[in-house]
Amino acid sequence: MLDAVIYQPITALGDCSLKISLPLLQLMGLRTAPLANSVMTSSGAYPGLAANSSCGLLKDLARQLQKLQIEPRSLLTGYTRDLALYEEIQQFKQQFPACLVCVDPVLGDNGKMYGSLPAQALAAAVKLLNIADFVTPNATETQLLLGEKVGDWRTAAQKLQQLGAKNVLLKDWPAATDVGAGAGAGTEKNQSSGCNYFLSATGEQYTSTFARYGIGEVTAYSGTGDCFAALFWGTYLRTGDYRRAMEQAGKLTGLAVRVSNDFWRKQAAAGQTAGPYSLLWQHCLPVLAQELAGEGGDFQWMNLSAKR
């Protein structure tokens, strides 16, 4: 059994997408099949981004998996530029109906859609909700997907389910229930704490709260959402417990932000110019690896290799 096909970009500059998701799922002992949906010179945090999409590769992988009689347990998506790539994701689900699809709709942040995406990507992302067993938008992406101002989180999650998503995880939302006037998409990062909300296909609800580190500074780096989604999905695949997965993802993503904050703060104190801001994966990954190795339960086996 193949635990996860990861279908995300690979970037030369900036730590995000596949550079983050692949090592995290591997640290959790999951068998992965990473496939770059595009090769990019940088993340969107850098000016002058150039990219080539890998159209057709997911089709080729599906064909090969079928010949080898390998059943993919899940598919984790992320930033997707080319419209043809969205169609390939739809076809992959048709070929492997039992495959769980976790859609991380990387569309925007801070109240705006990413300028590096074509306008048609939004409609394609909405269509993708029809096959989403899980969807993990932030507040901005929720508003974009719904095409309207977002009310309370329960209503937003229910509307995403009406568009086809089964289980909805709203990540990095304001702590207040109502994110309408004065607390909508784009202002949530000004608050000292945030929330992640979950609405299951059966109507179960769960909320986890997290502290924002470095208020008044940078509190959300490029790659933060990718880190959260990968931690959530990996933990869910290991445990089948969305509550534990949410807590784990919130805790360790917050730790990655703190590690990056400490570095950037030292850079500023030394008078060195910082930016573009992103998670500093070379510093974050060793810390997260230690945290995962110290976990009990389903992650306890990691201590055996760590002590050798």
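Leu146 touches Ala156, Lys159, Leu160 and Leu163, leaving aside residues up to four places away in sequence; touching, or contact, here means heavy atoms within 4.5 Å. This is a predicted model, so local features need pLDDT of at least 70 and side-chain atom pairs pLDDT 80 or more, while totals for chains, interfaces and linings use all residues. Residues are numbered from 1 along each chain as its sequence is written, and side-chain values use heavy atoms, with hydrogens and water left out.

Leu146 sits in helix H5 (residues 139–146). Helices (H or I, at least four residues) and strands (E, at least two) are DSSP runs, numbered from the N terminus. With 16% relative accessibility, Leu146 counts as buried, since buried means under 20% relative accessible area, exposed over 50%, and partly exposed in between (1.4 Å probe, protein chains only). Lys159 comes 13 residues away from Leu146 along the chain, and their C-alpha atoms are separated by 7.4 Å.

Zooming out, the protein chain has 10 helices and 11 strands. Of its 308 residues, 52% are buried. Take the contacts between residues at least 6 apart in sequence: 70% of them join residues at least 24 apart.

Next comes the sheet. Nine strands form an open sheet with mixed pairing, in the order E3-E2-E1-E4-E5-E8-E9-E10-E11. Its edge strands, E3 (51–53) and E11 (205–211), each pair on one side only. Two strands pair if DSSP finds at least two bridges between them. In general, strands of a sheet pair through backbone hydrogen bonds, either parallel or antiparallel. Strand E10 (residues 193–199) and E11 go for the antiparallel sense, over 7 bridges, and Asn196 stands opposite Ser208 in E11. Helix H6 (residues 153–162) packs on the sheet, touching strand E9 (167–174), E10 and E11, and its direction makes about 145° with that of E9. Axes are lines fitted to C-alpha atoms, for helices over the stretch in contact, and angles run from 0 to 180 degrees between N-to-C directions. Helix H1 (residues 18–27) lies across strands E1 (4–13), E2 (32–42) and E4 (74–77), running at about 135° to E1.

Last up is Thr253, found in helix H8 (residues 242–269). Thr253 counts as buried because its relative accessibility is 7%. A polar atom of the Thr253 side chain lies 2.7 Å from the backbone oxygen of Ala249. Not counting residues up to four places away in sequence, Thr253 touches Thr224, Cys227, Phe228 and Leu231.

Methods
A polar contact is a pair of N or O atoms within 3.5 Å; within protein, one must be able to donate a hydrogen and the other to accept it, and residues adjacent in sequence count only if both atoms are side-chain atoms.
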